[in-house]
Amino acid sequence: MTTGSSLLILGQGADPASERGVSCPGELPPASDPALVERARAAKAALGDRLFVLGHHYQRDEVIQFADVTGDSFKLAQEAAARPQAPYIVFCGVHFMAESADILTSADQQVVLPDLAAGCSMADMATYDQVEECWEVLEDAGIAGDVVPITYMNSSADIKAFVGRHGGVVCTSSNARRALEWAFAKGSKVLFLPDQHLGRNTAVLEMGLSLDDCVVYSPNRPDGGLSTAELRDATMILWRGHCSVHGRFSLDSVNEVRARIPGVNVLVHPECRHEVVRAADLIGSTEYIIRTIEEAPAGTAWAVGTELNLVKRLAGRHPDKTVVFLDRTVCFCSTMNRIDLPHLVWSLESLARGEVVNQITVEPETAHYARVALDRMLALP
Ligand code: SF4
């Protein structure tokens, strides 16, 4: 069993035990090299069908142009699994996504993350040791037998494996409601990891629970900061985790954009805070957001509460519509942005030389139980 790890502060050394180095183990080409695009093209052409490049929607344009397929984390893992002929999968996304791709692909396929510092602050908010300790708290409260754990896709393989071992399921932002329905058919309580906002928004807005049915378990406080009575009374035990990008949107952002652009439609991701989601017109996953903008009539205006690379791309693709970022402050996902053209060129050229760099592997027992939780998700009605 591997254990989770916190992200290093960028620029401060490396931690080999956690697979999260910030220093590239090879010779990175300089960002100023005018031949980077040509070099990436040439390395990709040399690798041909042996290579499959996956690009998450939140990646930079300079990287996404080389993706064979783009998507959210779950779609990309499925795409990787559907390409057994490609021995090299280069994942332009973050660490937990590359882990899921490794779990879902065959033993002959190697998954490469161009920069190992591309983690996810939300996934890092729930470590294996913390979740085990939480389970002991639930056992001591006498309720563990009633609790079904659910983890969002945005969690480490360790956490997915924990959930798989304890009869739970993985969910995405598209199927969180179905996962909750499945869980409540099995038990009377849910432990929702690691995103409190997705858990709360789905439970309250889609399942009809009240905010009073939800408690927040704080991993850094004794017993999660909750009394035994609070745990026994709760229906949803939400892990105190959040996305540092989506968590930044506020009610002020919504009010400000409505005042600035009359008639604007506010479209947000369910990782946003509850009051933001409540004030929005439409809520949905990244794929839903893209589809909604694509299908919107010309002349309509949209303020979108999700990662800035994607919003800028949507605005560029739909000049017949007004598409703006929900907040006035710049809000890229800094760890997604770690994957840049120099790292991509370095990893592709290394593979073209037959050298596999920055490979992400999940150890077999963890992969087995994580797969159990992922397969339960795939079997959701
Ligand atoms: S956008 Fe949020 S959830 Fe997604 S990788 Fe970045 S920090 Fe993690």
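Ala81 is found in helix α3. Helices (DSSP runs of H or I, at least four residues) and strands (runs of E, at least two) are numbered from the N terminus. The structure is a predicted model, in which local features need pLDDT of at least 70 and side-chain atom pairs count only at pLDDT 80 or more, while totals for chains, interfaces and linings use all residues. Residues are numbered from 1 along each chain as its sequence is written, and side-chain values use heavy atoms, with hydrogens and water left out.

Ala81 counts as partly exposed, at 33% relative accessibility. Here, buried means under 20% relative accessible area, exposed means over 50%, and partly exposed lies in between (1.4 Å probe, protein chains only). Leu104 is 23 residues from Ala81 in sequence. In space, the two C-alpha atoms are 5.6 Å apart. With neighbours within four places in sequence set aside, Ala81 is in contact (heavy atoms within 4.5 Å) with Leu104 and Thr105.

Leu104 is one of the buried residues of α4. This helix is mostly covered, with 10 of its 10 residues buried.

Helices α3 (73–81) and α4 (95–104) each supply at least two residues of the lining of the largest cavity. A cavity is a set of points, on a 1 Å grid over the protein atoms alone, where a 1.4 Å probe fits but cannot get out; lining residues have an atom within 4 Å of a point. The count comes to 1 cavity of 30 Å³ or more. The largest cavity has a volume of about 320 Å³, taken as the space filled by probe spheres set on grid points joined across faces, edges and corners. Its lining comprises 30 residues. His56, Tyr58, Met97, Asn154 and Glu271 lie nearest the centre. The lining divides into 13 nonpolar, 14 polar and 3 charged residues. In this scheme Ala, Val, Leu, Ile, Met, Phe, Trp, Tyr, Cys and Pro are nonpolar, Asp, Glu, Lys and Arg are charged, and the others, Gly among them, are polar.

Tyr58 is also touched by His269. His269 lies in the loop between β10 (265–268) and α11 (274–279). At 2% relative accessibility, His269 is buried. Not counting residues up to four places away in sequence, the partners of His269 include Tyr152, Ser173, His246, Val277 and Thr306.

In helix α7 (residues 176–186), the buried residues are Ala176, Ala179, Leu180 and Ala183. They lie on the same side of α7, because they cover an arc of only 100° around the axis, based on the directions from the helix axis to the C-beta atoms. An α-helix has 3.6 residues a turn, so residues three or four places apart point the same way. The buried residues of α7 pack against the strands β5 (147–152), β6 (169–171), β7 (189–193) and β9 (236–239), and against the helix α8 (196–206).

Val216 lies in strand β8 (residues 214–217). Leaving aside neighbours within four places in sequence, Val216 contacts Gln196, Arg200, Gly224, Leu226, Leu238 and Arg240. Thr366 is 150 residues from Val216 along the chain, and their C-alpha atoms are separated by 27 Å.

The count of disulfides (pairs of cysteine sulfur atoms within 2.5 Å) comes to 0. Cys243 is buried, at 11% relative accessible area. Cys333 is buried too, at 15%.

Definitions and conventions:
1 Å grid on protein atoms, 1.4 Å probe; cavity = no way out; pocket = protein on both sides within 12 Å on 5 of 7 lines; lining within 4 Å.
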